[in-house]
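Please consult the sequence and structure shown here while reading.

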Amino acid sequence: MRLENLKDFQESFTEHTELRLQRNSLVALALVHGNLVRNEKNTSSGISARVYHKGVFGFASSPVIDDDTAREVLRKSQDNALRLANLEKSNKGALSGENFEVVKDFSTKKKRLERKDMIYFLKSLHQYASKTYPNLKSTTFVTNNLDMEKNLVTSFGASGYSLVPRTVLMINLSLEKDGSTYDTYEVFGGLGQFEDHFDRPEALFEEIDQIYEKVKAKSEGVYPEAGYKDVILDSKLAGILAHEAIGHTTEADLVKSGSVAKDYLGEKVASELVTMVDFAHEYDGKVCPMPVYMDDEGTRPKDAVIIKDGVLQTFMNNKELSLDLGFEPTGNARAYTFSDEPLVRMRNTAIMPGKDRLDDMIASIEDGYYLTRPSNGQADSTSEFMFGVPNGYEIKKGKLGRAIKDTTISGVAFDMLKTIDMVSGEMFWSNAGMCGKKQMIPVGMGGPAVKCKVNIGGR
Amino acid sequence: MDILKKCLEGLKEKGAEKAEVNLTSTSKEELNIHSGEVSLLRSLEEYNLEIAALIDQKKDTIKINKIDDASIQEAIEEVIENAKNSEADPANDIPAEKVQKHFEEQKTGLDVEKMHQSMKDFLGEVHHNYENLIIEEAVLEHLDTSRYYENSSGVSLSSSDDLYNFMIIFFAKKGKKTSSFNHTVQTTKNLEKNLLELGSLKYLLKESIEQLDPKSIKDNKFSGEVIVTPDCLNEVIAFLLAHLANQYLISGVSKFKNKIDQKVLDEKFTLKTEPDSHELAVKEYFGKDGFIQKNDYIFQNGVLKNYLLDYYGALKTGYERGPSTGANLVIEPGKESFQELIKSIDRGIVLSRFSGGMPAPNGDFSGIAKNSYYIEAGEIKYPIKETMISGNLFAMFENIRGISQERINNGQSLIPYIKFEDVVISSK
């Protein structure tokens, strides 16, 4: 069943309805210490319908894809909406929608590799790392290849087809020193399939050299001094700063509930050097890591300019919340699998580049840290954020010093953003973000290096 | 079950020397609260069919969510092709002991009206008793699940049960003051109890309101004692147990490599896995590798008794397959009350939620103490804000200062409060 088949059902929609046919396919390989500990493919496909009735939604899904099941799923979702509206005695007004069509296919144009070729690729990386650096305690090479293929029709006449693949390769090296084990990793890949990113393993050997140098430096490094410090967040951290520190508190569901961002709309929440945007699909004429051309409610997505020159401008929303909060729909409703309902999710969230040079930024710090990559992060209703920092360096008298061991940084976003006094000119997109809410969802994150003050964990 | 037999026959026909199949069939009904309003009712039918083929010790696994003949046939052909092209590994194997067993739990059954009434009662009680509390999101789901495992050696296992999960995210707001969000998941066999009575929910909601007025700790950096709450311990212990599972033991990074029957943690610490616990709502009778799981010690009085390896991990490392792979954790209670633990602290904090990076392999960690409280001279003084903690996970568990008599049962674990020392606490 394809989009054309789904359109046949549009005329039967009697309520505000979305009918979605989706297939997620994930090929996952993991080579740990030379052992292929994961070699699997996970395919999940099916059909789902969501019906809106007087302020509540009914949803139903089935993995069976045929006309009869589509009709049954539509009936069940409508029953659920009517049943809940009756139980809740709800009577909210109707939502609106647009009639347009989108077709976007980002699958590779290259000849597809077989699984054995991908295994060979990982083994070649392992052989290089273990032969070149025999003192490594362990190597881990993981690749996840996710293809999300969606067909959607709505009762407003919108219809869309998209195939958005994402390929991630993670290289982790660990080293033992003085009885303690240290590790560090880098992530490669992005929008596209394996063939689009990885041609020859040799092209990654230099990256392995750099990861080794980082883990070696870390094993010989020092614990940062805990406290409130001047830091440079490298451009690789700016994306997670945008996502965790500000992004989540400006998702309209959290705003409606009462996140702290609700109180600051129209106010100065950051240094005037800060502009932050959640891009729908393009930045600077190029396709973003996680492009959305039609969201899963059938809304035409728009870039959401969340902060402009330091002032909080808007929130990311869906159809219902745009009405509740009085904004234009931004098209941020996204679902992960066919059986998931759309939630307000970020797409490609980025802080805009400035005009400073990284060298000048480092030189401007008397005693602080240059933090070069993030690990996991978390947001809060208060805008207090944290993220793990596996790599970084001391800055002493304007010069880079010793490497530091793993640490965590935190701050209250709407305080910390006001401390930003330098923003570099480059723009780095992180392509591997996986955001957890009720469902997981792949996201893009980007930005330049920024100089600011944060709390840093340490000894 | 016919589908599994059909898969095994098809795999054998296509050349699999050994094969195993897992099937999970789930019916889910789910009520959702968003921003304090019941706004979504979902009905899902889900299948997860996992087929593994072994040829010359080479293995491939494919997972699909279909059980029709054509989808199964396509999956079999793909998994056979990929197994042929995989890497040989003597640890790729299936259990050979012919075991056949069905585990049946008496089912409670689905009652959507009762689910809705429970949610409305919960919202009503929160409205009346917890002023300024915001329910950002809550999900009450009924899961009716059947699981099946069969392999080509004649192992055949199955189970069938149902339960309710209640997941909730909340915070408090008063004027322009907002507290940190908190969240919890409670699992229960039925809806006889009020949702508010499940696990630690009442305390967590109360804490959120108290957290509207947090303070920074005056002395901005000190080494103190920390009482970790049961909800927070669930997360902390997950970091510890990673060192007993496949990844860390196979890669050699595990802190506990070659330490079975050795005292590795404080003698006050006894942790069990109880996949067939009579006290917990969740059951995990067998693993996806075809082994019946059993209740057993992980650490007994600080002595490491078992790893949590699956069959592949066991064959790969030479250790025994674990009693489970980490299901249903139960920590034995201590001798002091939670209040007595607080009284024994000169300076420290109650850590209710940890927001931090994954600890390094050597156990070093740092992160934010969320929804937490400052303790001084044996008393809780005030809720804290912008406070970071750092320390070493292994050092903490090697020097436990006290374990509470009280334990919290969230349906998946039974955990007390534990007091640790030498944690660096720093405030802005």
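Two residues are in contact if their C-beta atoms, placed from the backbone, lie within 7 Å. In this predicted model, residues 24 or more positions apart account for 71% of the contacts in chain B with a separation of 6 or more.

Further values describe chain B as a whole. The secondary structure of chain B consists of nine helices and 21 strands. For 428 residues, a compact globule would have a radius of gyration near 22 Å, and the 24 Å of chain B agrees with this. The remaining overall values are tabulated below.

| Property of chain B | Value |
|---|---|
| Span of the C-alpha trace along the principal axes | about 70 × 55 × 35 Å |
| Buried residues | 53% of the 428 residues |
| Radius of gyration | 24 Å |

The description now turns to chain A. The domain assignment divides chain A into domain 1 (3-208) and domain 2 (227-456). Between the C-alpha centres of domain 1 and domain 2 of chain A there is a distance of 23 Å. Contacts link 33 residues of domain 1 of chain A with 22 residues of domain 2 of chain A.

On the side of domain 1 of chain A that touches domain 2 of chain A, the elements giving two or more residues are β1 (16-32), β2 (35-53), β3 (56-62), β4 (101-105), β5 (136-154), β6 (159-177) and β7 (180-191) of chain A. The most is given by β2(A), with six residues. By residue class, this side of domain 1 of chain A comprises 13 nonpolar, 14 polar and six charged residues.

Notes
Residues numbered from 1 in each chain as written. Chains lettered and ligands numbered in written order. Predicted model: local features only at pLDDT ≥ 70, side-chain atom pairs only at ≥ 80, totals over all residues. Domains from an automatic or database assignment. Helix = DSSP H or I, 4+ residues; strand = E, 2+ residues; numbered from the N terminus. Nonpolar A, V, L, I, M, F, W, Y, C, P; charged D, E, K, R; others polar. Rg over C-alpha atoms; globule rule 2.2 N^0.38 Å. Buried ≥ 20, exposed ≤ 12 C-beta atoms within 10 Å, placed from the backbone.
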